[in-house]
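Open the model in your viewer and keep the sequence alongside. The stops below go from a single side chain to a helix and then to a group of rings.

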Amino acid sequence: MNWSQLRYQGTVYDLSWQRVGLVAQYKMSHTSHVSASEIENVSDGIAYGNLSDRAQRFFTEARAGNESAWYSREAFPAEFHDHHLVKYQREYYRVIVYTGDFEQYRLSATPTDG
C-alpha cells in the first residue's frame with residue numbers, strides 16, 4: 001500500500017508530513033483520598049473553594065473517576081500546575097495529573113497533476 005498518496009472523491013493527492021515540534025500536554029486522571037496524618041505540609045494544598053469554576057469541574061470529574069482529555073499547559077487549569085492536593089469538605093484528595101511531551105506533525109495534501 002502506498003501511503004504517500006491518497007485518492008479522495010476521484011482526485012489523487014500527494015501526502016507529506018512535517019514535524020512541527022514537541023507539545024507539552026496535561027491530563028487529570030483521578031483523585032485519591034489522603035489522610036491528614038500523611039500530609040507533611042498542608043500549605044501544599046489548595047481549598048476547593050479557592051479553585052476557579054473550571055478547576056472545580058476538573059476536580060469533580062476526577063473525583064468521580066472520569067479522566068480528562070489531554071490539554072496544553074495554557075488550557076489546563078493553572079491551579080493544578082502547582083497544587084496536587086485539594087481540601088474538599090474537610091477531607092484531602094491527591095490529584096493525579098499526567099504530563100507528557102508529544103511530537104506534533106503537520107499533514108499536507110496536494111493534488112497531483114495527473
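Contact here means heavy atoms within 4.5 Å. The model is a predicted one.

Start by selecting Lys27, which is found in strand S2, residues 11-34. Which residues does Lys27 touch, leaving aside those up to four places away in sequence? They are Glu67, Ser68, Ala69, Trp70, Phe76, Ile96, Val97 and Tyr98. Show the side chain of Glu67 next: the side chain of Lys27 makes a polar contact with it at 2.8 Å. Lys27 has a relative accessible area of 15% and therefore counts as buried, the cut-off being under 20%.

Now select helix H1, residues 53-63, and colour Ala55, Gln56, Phe58, Phe59 and Ala62, which are buried. These residues lie on the same side of H1, because they cover an arc of only 160 degrees around the axis. Turn to the other side of H1 to find Asp53 and Arg57, both exposed.

To see what the buried residues of H1 pack against, display S2, strand S4 (71-72), helix H2 (79-82), strand S5 (85-88) and strand S6 (91-111). Then move past the end of H1 to Gly65, which follows the helix and has a positive phi, near 90 degrees.

Last, select the rings. Tyr26, Phe58, Tyr71, Phe76 and Phe80 are linked by ring pairs into a cluster; the structure holds 10 aromatic pairs.

Methods:
Residues are numbered from 1 along each chain as its sequence is written. This is a predicted model: local features need pLDDT of at least 70, side-chain atom pairs count only at pLDDT 80 or more; totals for chains, interfaces and linings use all residues. Side-chain values use heavy atoms; hydrogens and water are left out. Rings of Phe, Tyr and Trp (its six-membered ring) pair if their centres lie within 6.5 Å; planes under 30 degrees apart count as stacked, over 60 as edge-to-face and the rest as tilted. Helices (H or I, at least four residues) and strands (E, at least two) are DSSP runs, numbered from the N terminus. Buried means under 20% relative accessible area, exposed over 50%, partly exposed in between (1.4 Å probe, protein chains only). A polar contact is a pair of N or O atoms within 3.5 Å; within protein, one must be able to donate a hydrogen and the other to accept it, and residues adjacent in sequence count only if both atoms are side-chain atoms. The arc is that of the directions from the helix axis to the C-beta atoms.
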